[in-house]
Amino acid sequence: MAAETTSAHRERPALDPGAAARLSGWLRSYRPMPGIPDELFGADRRPRDNWLALLGGVAEFAEEEFNTRFAMATRHIRDTGVSYRVYGEEHERLWPLNSLPLVLSETEWSEIAAGVEQRARLMEALLQDIYGEASLLDEGALPAAALTGSPDFLRSMRGVKPRGGRYLQIYAADLGRGPDGRWWVLDDRAQGPSGAGYALENRLVLSRAFPMLYNSMNVQRLAPFFDQLRQGLAAAADRADPRICLLTPGPFSETYFEQAHLARYLGFLLVEGADLVVSDAKAYVRTIAGLKRADVILRRVDADFIDPLELNSRSRLGTPGLLEAVRSGGVSVLNMPGSGVLESKALLGFLPKLCRRLLDEELRMPNTATWWCGQTAERELVERHLDTVAIAPAFQGLGPDGVSTRPRLMSDLTDEQRGAFMRHWADRPGDYVGQEVVRLSTTPTLRDGQLAPAPFVLRVYAAATPDGIKIMPGGFCRTSEREDVRAISMGADVRTTDVWVIGDRPVERVTLLGGQDQVKVRRITGHLPSRAADNLFWLGRYLERAEATLRLVRSLCTSLMDSEAALHASGETLSKLQEILIDWGALDEEDPGDSASQATNRALLHRDTFGSVISLVRAARRTASSLRERLSADFWTLLTSLESRLENSSDALQSEAEALQCVEASLQTLAALAGLSQENMNRGAGWRFLDMGRRIERGINTCGFVRRLAGGTATIDDLDLLLDLVDTQITYRSRYLEGLALTPVRDIVMLDTLNTRSVGFQVLALKSHLESLPNLVEDGMPEAPLRIITPLAAEIATEEAEDLTEAKVFELEGELMNVSSAIEDRYFLQGANAVPTVKLAGLA
Amino acid sequence: MIYRVRHRTTYKYERTSTYARCVFRLQPENSDRQTVSQHAVTTSPRASSAIQRSGPFGEATLTVVIEEPHKTMVVEANSIVEVHSRAIDPGRPSDAWETIRTQSLSVESIEPTSPAAFLYPSVRVPIADPITDYGRESFAPGRPIVDAASELMRRLHDDFTFDPEATKVSTPAADAFGARRGVCQDFAHIMISALRGLGLPAAYVSGYLRTRPVDGRRDLTGSDASHAWVNVWCGREWGWVGFDPTNAVYAQDDHIVLAIGRDYSDVAPIDGILMSPGDQAIKVEVDVIPSPELASQRPSYARAAPISAAS
């Protein structure tokens with residue numbers, strides 16, 4: 001976060017008349033719900049100071065300007081940030097953002113922070129006991145069955161000491177303000193709490209939209225917390241300069257972009273289960289330079305899925321043997337597998353007693369009154385009040401009656417559901433808790449220029465560090481749109497809100513220069529993981545393929561528009577073009593389109609053919625979305641804008657002229673992307689793989705064009721088209737005033753290494769990339785890809801254009817494909833030699 | 001009774017596997033009901049690493065990694081086990097089943113032998129209304145637990161057909177229940193589901209069964225592969241009692257315990273992942289030879305079971 005200062009003392013200049021009118025209008029019409037605490041109006045029914053300051057600041061903007069500022073900042077972040085969703089999907093953002101933050105005073109915050117800090121310590125102590133001595137159970141303070149019902153109680157982790165000594169690296173509590181105005185804990189999050197990345201993003205939006213307001217309010221910064229989180233993780237490693245990974249379930253996870261964003265922000269390696277391998281009870285990341293130690297793994301994958309060998313054998317998200325590595329201290333996985341047991345509602349009722357027992361302190365912040373019905377007295381109590389308490393599953397996962405995982409009121413159930421519930425309740429009361437019905441307090445939101453109260457839940461994060469537990473000064477706040485404020489109906493129509501903790505004094509300048517002496521200068525940012533190399537390579541290939549397809553379509557278009565060429569429209573050259581497009585899967589062989597103009601449209605926009613431009617661009621975007629933490633915001637924006645241009649053009653291109661316009665614009669975007677990768681990516685291995693993908697694809701494509709258009713029977717039209725397709729018209733014309741002839745065309749397209757579009761140039765570039773990449777074994781021997789490319793380069797250098805028969809070109813094309821396979825085998829996870837892991841099947 | 005057990009499993013892969021990481025649970029349990037005097041596991045190809053330890057439910061596990069490329073993997077376990085006679089007298093009084101239900105929710109122990117560990121649905125044993133209702137017919141209010149569980153076991157044996165062709169290792173319990181047929185794994189899963197549905201603690205036992213008739217005892221079903229049955233917690237007095245619904249007998253000295261867990265997935269004798277494209281086939285040979293024959297007869301792998309024909 002950029003260094004910023006705030007004014008030394010808060011001045012509140014008188015509002016101009018318009019602003020004053022807006023402010024008083026909001027306050028007059030604001031109607032908190034009766035009997036429910038509200039953030040704007042305190043218990044004394046007067047607006048709180050911080051809120052007045054905020055609303056006063058907001059009122060300074062005319063409604064339209066406020067909305068525009070907010071919308072622009074939101075859109076910018078959305079285009080580049082963590083919330084990007086696949087185009088055309090129903091939800092653009094998981095949780096849309098409210099324009100007003102939740103504002104809390106430092107005094108209030110210190111109470112919240114102290115409560116969450118204590119609870120984080122309590123949770124840590126609880127895990128230490130459950131997975132250690134289990135003295136709480138022996139003493140009868142906690143019944144065994146209140147733990148064993150949780151799928152996250154991992155029996156195999158009992159007696160395992162986490163390396164670094166801690167179970168919880170990051171813990172979060174969902175809070176609500178109860179009717180008495182106090183803060184209550186509604187739920188505990190200990191598995192791998194999500195949302196911190198969204199909190200960062202929300203802050204970014206609001207501070208960009210209203211920088212003056214933000215700076216004038218002494219809002220506590222979030223950045224220091226993330227630094228502490230990083231230090232906490234580093235402390236769990238057993239060597240200096242550890243490699244820290246963020247383990248993600250992958251791009252199909254609904255919070256994947258948040259994870260990618262966090263990984264990039266924190267400087268961690270984003271890995272999936274298949275990127276890791278366990279050997280000699282240590283965890284390693286597969287990189288292009290071989291296996292590299294993974295010291296600490298911050299997991300966002302549920303524990304059950306992290307090791308298909310020991311836990312859920314159906315998991316495709318984990319790494320076989322990872323628990324073995326955890327057990328022997330070869331890796332730190334945080335939060336420790338098994339921590340999720342803390343999320344069981346069955347535990348809530350025991351916490352006040354456990355807090356006294358474990359910490360010798362009174363629980364500072366109460367949680368929702370909860371009765372685990374595995375106990376006879378509690379069951380009877382709940383039974384007596386079945387109409388007024390909420391019933392919830394005692395443990396994670398689907399409710400035992402298959403009805404609901406959330407708290408429900410009996411009165412909200414259908415007769416059938418109630419019948420099912422009563423049966424299960426009688427047989428298996430331990431599957432349920434009864435909970436006091438919580439009514440959430442409200443916070444102001446601006447909707448259509450009106451100030452309206454919305455019920456909210458506040459998630460507060462705690463990180464363990466060598467200096468104790470640190471609390472993020474802010475949080476991830478969700479509001480419900482519904483008037484019904486019972487906590488139990490939260491879930492649908494949820495929006496999110498930034499959380500501002502307002503200091504009494506100016507916020508200290510955030511400086512990133514601290515500890516300068518400890519920072520070692522380095523130019524390479526670690527080894528490139530094999531998966532990232534794979535994705536970059538294919539991103540390069542898709543982009544190049546899309547470009548080549550666009551050139552084919554452009555030639556199709558122009559030949560249609562050119563009156564002279566139209567004479568050839570039914571001619572050989574044009575049908576060759578169509579053939580290529582069919583071969584490339586851009587046109588459906590069965591149904592290439594009745595007219596050339598229809599074919600143009602289809603090759604460009606048809607979603608059902610894998611080789612159409614739109615399909616290729618989508619593939620590129622999908623590939624790039626797995627690389628979010630490695631691509632610049634500009635790159636991403638260009639790529640998504642290209643996709644949306646094509647999506648928006650679908651079925652809309654009436655004429656060749658329109659099609660041509662779309663093609664030209666798309667080619668320009670691709671050129672900008674190519675330029676960005678040449679000029680804005682540093683020359684690490686990542687760039688090399690992106691570029692190699694492009695070079696391989698271009699080389700192979702060009703060989704194909706030459707075989708079809710520069711064979712022994714090539715016409716002038718064919719050669720002309722070839723030069724168009726490989727973008728070498730101008731070079732050729734300036735070099736050969738004599739006009740088109742077969743041999744010089746072959747030379748310039750295949751062999752001329754000064755022509756950046758020639759096959760020869762691609763081969764030389766590939767060779768230089770491969771020479772720069774790391775070797776697995778330092779024995780001085782070239783690796784397989786280099787063994788293929790080196791003779792190929794020599795051949796290109798010595799070949800003469802006269803001898804370039806179709807067979808020869810075909811051979812070169814084959815060699816390039818071999819280079820591609822060799823690269824995949826050597827560097828990627830998914831190469832031809834890589835084989836899927838499968839389960840042993842059958843009853844042994 | 002002393003048994004010699006040979007358990008040989010052969011995996012054949014369509015294509016070469018370059019890597020396998022497996023967990024073996026092939027060492028019979030050492031407990032007050034049986035003593036293991038000898039035990040050894042060999043693999044072919046040989047393992048590049050092997051770690052022995054105790055699994056979550058106290059079972060002995062051996063985790064091996066095989067890095068030698070192979071198309072066939074053979075795992076052979078040899079054990080000599082003495083099963084101490086433990087006659088079960090179903091006439092002895094036991095607590096009402098409702099009492100067991102309440103007791104098991106309040107037990108203090110979290111150790112693997114605690115009934116609390118076996119109360120809840122598990123990966124392979126979900127709780128399903130039809131199965132619970134089937135079980136309920138044997139559980140009239142106030143009926144002693146041993147009595148009720150025995151009847152449930154007999155009903156399962158009578159109502160269900162042992163049929164190795166009907167199910168596979170991955171068949172869900174509910175499907176086998178619907179078809180009224182399956183192998184010992186299915187019988188056990190269904191009985192466990194019914195009991196847990198009623199709030200009673202029930203565990204899955206993997207093990208072996210005497211292969212050949214001795215002393216005029218009848219031959220038992222499912223003896224040419226590993227076997228499975230059910231442990232039911234019958235209160236503090238009785239403790240865990242083994243019920244074999246496949247044969248409608250109590251697990252006494254014909255049954256040798258390998259491992260106990262919540263369901264098959266906790267105790268599969270061999271579990272693992274390998275890197276190999278293509279199909280695999282498995283052959284299991286189990287020989288359980290009681291002591292009278294131990295000295296005189298050389299063990300043979302008489303019966304080879306095809307892939308789905310486990311008991």
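I will talk about how two chains touch and then about one strand of chain A. Please keep in mind throughout that what we are looking at is a predicted model.

Let me begin with the two chains, where 34 residues of chain A are in contact with 45 residues of chain B. On the chain A side, helix H5 (135-138), helix H6 (145-148) and strand S21 (837-839) each supply at least two of the residues that touch chain B. If we sort that side of chain A by class, we find 17 nonpolar, eleven polar and six charged residues.

Now I turn to strand S2 of chain A, which covers residues 170-177 and is mostly covered, with eight of its eight residues buried. In a regular strand the side chains alternate between the two faces of the sheet. What, then, lies on each side of S2(A)? On one side we have Ile170(A), Ala172(A), Asp174(A) and Gly176(A), while on the other we have Tyr171(A), Ala173(A), Leu175(A) and Arg177(A), and all of these are buried, so that both faces are covered.

Which strands pair with S2(A)? One is strand S16 of chain A, residues 450-465, which pairs with S2(A) in the antiparallel sense over six bridges, and here Tyr171(A) has Ala462(A) as its bridge partner. Another is strand S3 of chain A, residues 183-189, which runs antiparallel to S2(A) and is joined to it by six bridges, with Trp184(A) as the bridge partner of Gly176(A).

Finally, S2(A) and S3(A) form a hairpin with five residues between them, and in the turn Gly181(A) has a positive phi of about 85 degrees.

Technical notes
Residues numbered from 1 in each chain as written. Chains lettered and ligands numbered in written order. Predicted model: local features only at pLDDT ≥ 70, side-chain atom pairs only at ≥ 80, totals over all residues. Contact = placed C-beta atoms within 7 Å. Helix = DSSP H or I, 4+ residues; strand = E, 2+ residues; numbered from the N terminus. Nonpolar A, V, L, I, M, F, W, Y, C, P; charged D, E, K, R; others polar. Buried ≥ 20, exposed ≤ 12 C-beta atoms within 10 Å, placed from the backbone. Pairing = 2+ DSSP bridges.
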